[in-house]
Amino acid sequence: MESWLFLALVLAVALVGKNTSLIIATGVVMLLKLLPFTTKWLPVIQSKGINWGVTVISVAILIPIATGQIGFKDLFQTFKTPAGWIAVAAGIAVAILSRYGVDQLAAVPQVTVALVLGTIIGVVAFKGIAAGPVIASGMTFVIISLFNLHF
């Protein structure tokens, strides 16, 4: 019963904050809880879901390459500007930090509660987006803005 109340609270916060992604995610989880195979599939989704999500995000990121919007010319242009180098460094930093984050979650599962709370607050109160790879872009934006650099 406690999990339903917690999910209902998350859903209410998402509705108040008008955050479609969190509304959908909470609704899907609530729907999954209603299904008879929940005890089998929720742990699988929990353990594999981040990898599935990263895969979906990676597909979305690769689409401009597939459509020809981004090509080798753009890749080479990246290395001609400080902003491009910062973006590459930010991507590397996020990948490394994510590895340590995954290790920490496995070693200290209590951190998950704080991360969930922080993510909900960030998404709803500050109109953030709950997506890891976008962090690299955000870090790049902050650094570029601080130093007034451009691509």
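A residue counts as exposed when its relative accessible area is over 50%, as buried when that area is under 20%, and as partly exposed in between. Keep that in mind while we look at some aromatic residues in this predicted model.

Let's start with F76: its relative accessibility is 52%, so F76 counts as exposed. F72 is exposed too, with a relative accessible area of 64%. Both sit in helix α4 (residues 72-78), and because they are 4 residues apart there, about one helical turn separates them.

Now for ring pairs. A pair of aromatic rings is described by how far apart the centres are and by the angle of the planes. Rings pair if their centres lie within 6.5 Å, and planes under 30 degrees apart count as stacked. The count here comes to 3 aromatic pairs. Why is the pair of F72 and F76 stacked? Their ring centres are 6.3 Å apart and their planes meet at 25°, so the pair gets that label. F79 and W85 make an edge-to-face pair, with 4.9 Å from centre to centre and 65° between the planes.

Here are some partly exposed residues:

| Residue | Relative accessibility |
|---|---|
| F79 | 37% |
| W85 | 48% |
| W4 | 28% |

Finally, have a look at W4, which lies in helix α1 (residues 2-16). Which residues does W4 touch, leaving aside its neighbours within four places in sequence? W4 is in contact with M30, K33 and L34. In sequence, W4 and M30 are 26 residues apart, yet their C-alpha atoms are 7.6 Å apart in space.

How values were computed: Residues numbered from 1 in each chain as written. Predicted model: local features only at pLDDT ≥ 70, side-chain atom pairs only at ≥ 80, totals over all residues. Heavy atoms only, no water. Phe/Tyr/Trp six-rings, centres within 6.5 Å; stacked < 30°, edge-to-face > 60°. Helix = DSSP H or I, 4+ residues; strand = E, 2+ residues; numbered from the N terminus. Buried < 20%, exposed > 50% of the residue type's maximum accessible area, 1.4 Å probe, protein only. Contact = heavy atoms within 4.5 Å.
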